[in-house]
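Me: Hey, I'm new to this one. Can you walk me through it?

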Amino acid sequence: MWIRPIPFSKGQEGDWRSVLMRYDENLRLYNHVPGAGKLLDLDEELHERTGGYMDTLDQLLCQTAQQAIEDGIEAITKELLDDMLVGRSDTDDDWS
């Protein structure tokens, strides 16, 4: 089964932002207000990091939330996202 990534280009931001809003509404960290749209502030970075693929987005947000809990900050930040490796594009391995 071939699955297309969710686009995020001018005029097509709605679908990606809708997905992020759902994650935002369901994220339960002490320093995160569910539904406040904080993940929307990171929409471009999250799309760039994941290529618009849901499985990669899920993995990235899950890993970052776990690190936020371990660090005691209880919020997803750009700095924490920058420290996470997810998917083939974030590794230095030669896959060819």
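This is a predicted model: local features need pLDDT of at least 70, side-chain atom pairs count only at pLDDT 80 or more; totals for chains, interfaces and linings use all residues.

Me: OK, helices. At what angle do H1 and H2 pack?
Reply: Helix H1, residues 13-26, packs against helix H2, residues 43-50, at about 100°. Their axes are 11 Å apart. An angle of 65 to 115 degrees counts as roughly perpendicular, so H1 is roughly perpendicular to H2.

Me: Which residues make that contact?
Reply: From H1 you've got Trp16, Arg17 and Leu20. H2 brings Asp43, Leu46, His47 and Thr50.

Me: And how do the residues of that contact divide up?
Reply: Three are nonpolar, two polar and two charged.

Me: Switching to the largest nonpolar core: which residues touch the most other members?
Reply: Leu46, Leu57 and Ile76, out of 20 residues in that core.

Me: Which helix gives the most to this core?
Reply: That's H3 (54-71), with five residues. H1, H3 and helix H4 (78-83) each supply at least two.

Me: Back to Leu46, what is it in contact with?
Reply: Skipping neighbours within four places in sequence, Leu46 is in contact with Trp16, Leu20, Leu39, Leu57, Leu60, Leu61 and Leu81.

Me: New topic: Glu45. Where does it lie?
Reply: Glu45 lies in helix H2.

Me: Is Glu45 buried or exposed?
Reply: Buried, because its relative accessible area is 16% and the cut-off for buried is under 20%.

Me: So what is Glu45 in contact with?
Reply: Again leaving out neighbours within four places in sequence, Glu45 is in contact with Lys78, Leu81 and Asp82.

Conventions
Residues are numbered from 1 along each chain as its sequence is written. Side-chain values use heavy atoms; hydrogens and water are left out. Axes are lines fitted to C-alpha atoms, for helices over the stretch in contact, and angles run from 0 to 180 degrees between N-to-C directions. Helices (H or I, at least four residues) and strands (E, at least two) are DSSP runs, numbered from the N terminus. Angles under 35 degrees count as roughly parallel, over 145 as roughly antiparallel, 65 to 115 as roughly perpendicular and the rest as oblique. Contact means heavy atoms within 4.5 Å. Ala, Val, Leu, Ile, Met, Phe, Trp, Tyr, Cys and Pro count as nonpolar, Asp, Glu, Lys and Arg as charged, and the others, Gly among them, as polar. Buried means under 20% relative accessible area, exposed over 50%, partly exposed in between (1.4 Å probe, protein chains only). A nonpolar core is a set of buried Ala, Val, Leu, Ile, Met, Phe, Trp, Tyr and Cys residues joined through side-chain atoms within 4.5 Å.
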